[in-house]
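Hi,

Here is the structure I promised to pass on to you.

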Amino acid sequence: MRKTIVLATLLAISGLGAIATPGMTQSRQKPRPATPTAPAQQGVVLPSGRGSQASLEYRQVERAGRDLARAREDSYRISYLASQVSSSQANELLPIAQQIMERAESNFRGGQYFEASEQAKAAAAIYEAAENLYESELGYVIGKKGPSGPSRSYIEAPQRAQERIARTEAEIQYYRSNDNTVRQLLDRARSLVANAPTSTASASATSPIANNANFAYLAQNRAADRLLRAAMHLISAERGF
């Protein structure tokens, strides 16, 4: 009995009096104080609560922040490229990407993390499409380690673009998308595919293309494919999943 009293006293001093001990009744236990939460960052709504739902929301915050950071990096990189290479088609895409970025950042500040993530991905895809169009003017791929030939994604771009046009059209109809930017991107992609320079020679991942006209054909089709990816990200943001 004496040991029980001593143990209860120590627990009370250490703040653990809410833990049940032998010989103590439920009525004598004190409620544990609520754990304070970290203050929210200015302009960002942090998820509250505990359990799997809060964990999911924190993952969405992290993912959206990462996607926004990547799109911002792409914006800086492509803006510099635009000052070095002339392409009216590519230049027309930059304000579209910027508008989508503004929507993404607004949704992020408002706690709409899924929408922000999808819109940031759409902006990044548009910046990549602009890069492909600048590459079309240059005649080579702007690689991380310097100029290079087309990778498999360029070689397969003509087929992928055709497939993605059909898929985007189907998603617009099925989900009844009302986002005008989606239709704008679809129209631009169709135009790029239709007006791409005619390829006079086939290429493969191991066989380089014969001339700049063939590369421009691949680069414009890849740009179209990226615009269609952006459109599908916007459809996903609009429907919420």
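**Helix packing around α7**

In this predicted model, α3 passes α7 in a left-handed crossing. To find the pair, look for helix α3 at residues 88-109 and helix α7 at residues 180-194. Their axes come within 12 Å and cross at roughly 155°. An angle over 145 degrees counts as roughly antiparallel, so α3 and α7 are roughly antiparallel to each other.

Which residues of α3 and α7 make the contact? On α3 they are Q89, E92, L93, I96, I100 and R103, and on α7 they are T181, Q184, L185, R188 and L192. Sorted by class, the contact of α3 with α7 has five nonpolar, three polar and three charged residues.

Now turn to the other partner, helix α8, at residues 212-239. Here α7 and α8 pack at an angle of about 165°, and their axes are 8 Å apart. That angle therefore makes α7 roughly antiparallel to α8. The crossing of α7 and α8 is left-handed.

From α7, the residues in this contact are T181, V182, L185, L186, R188, A189, L192 and V193. From α8 come Q220, N221, A223, A224, L227, L228, A230, A231, L234 and I235. By class, the contact of α7 with α8 has 14 nonpolar, three polar and one charged residues.

Best wishes

Definitions and conventions
Residues are numbered from 1 along each chain as its sequence is written. This is a predicted model: local features need pLDDT of at least 70, side-chain atom pairs count only at pLDDT 80 or more; totals for chains, interfaces and linings use all residues. Side-chain values use heavy atoms; hydrogens and water are left out. Axes are lines fitted to C-alpha atoms, for helices over the stretch in contact, and angles run from 0 to 180 degrees between N-to-C directions. Helices (H or I, at least four residues) and strands (E, at least two) are DSSP runs, numbered from the N terminus. Angles under 35 degrees count as roughly parallel, over 145 as roughly antiparallel, 65 to 115 as roughly perpendicular and the rest as oblique. A crossing is left-handed if the near helix is turned anticlockwise from the far one by less than a right angle, and right-handed if clockwise. Contact means heavy atoms within 4.5 Å. Ala, Val, Leu, Ile, Met, Phe, Trp, Tyr, Cys and Pro count as nonpolar, Asp, Glu, Lys and Arg as charged, and the others, Gly among them, as polar.
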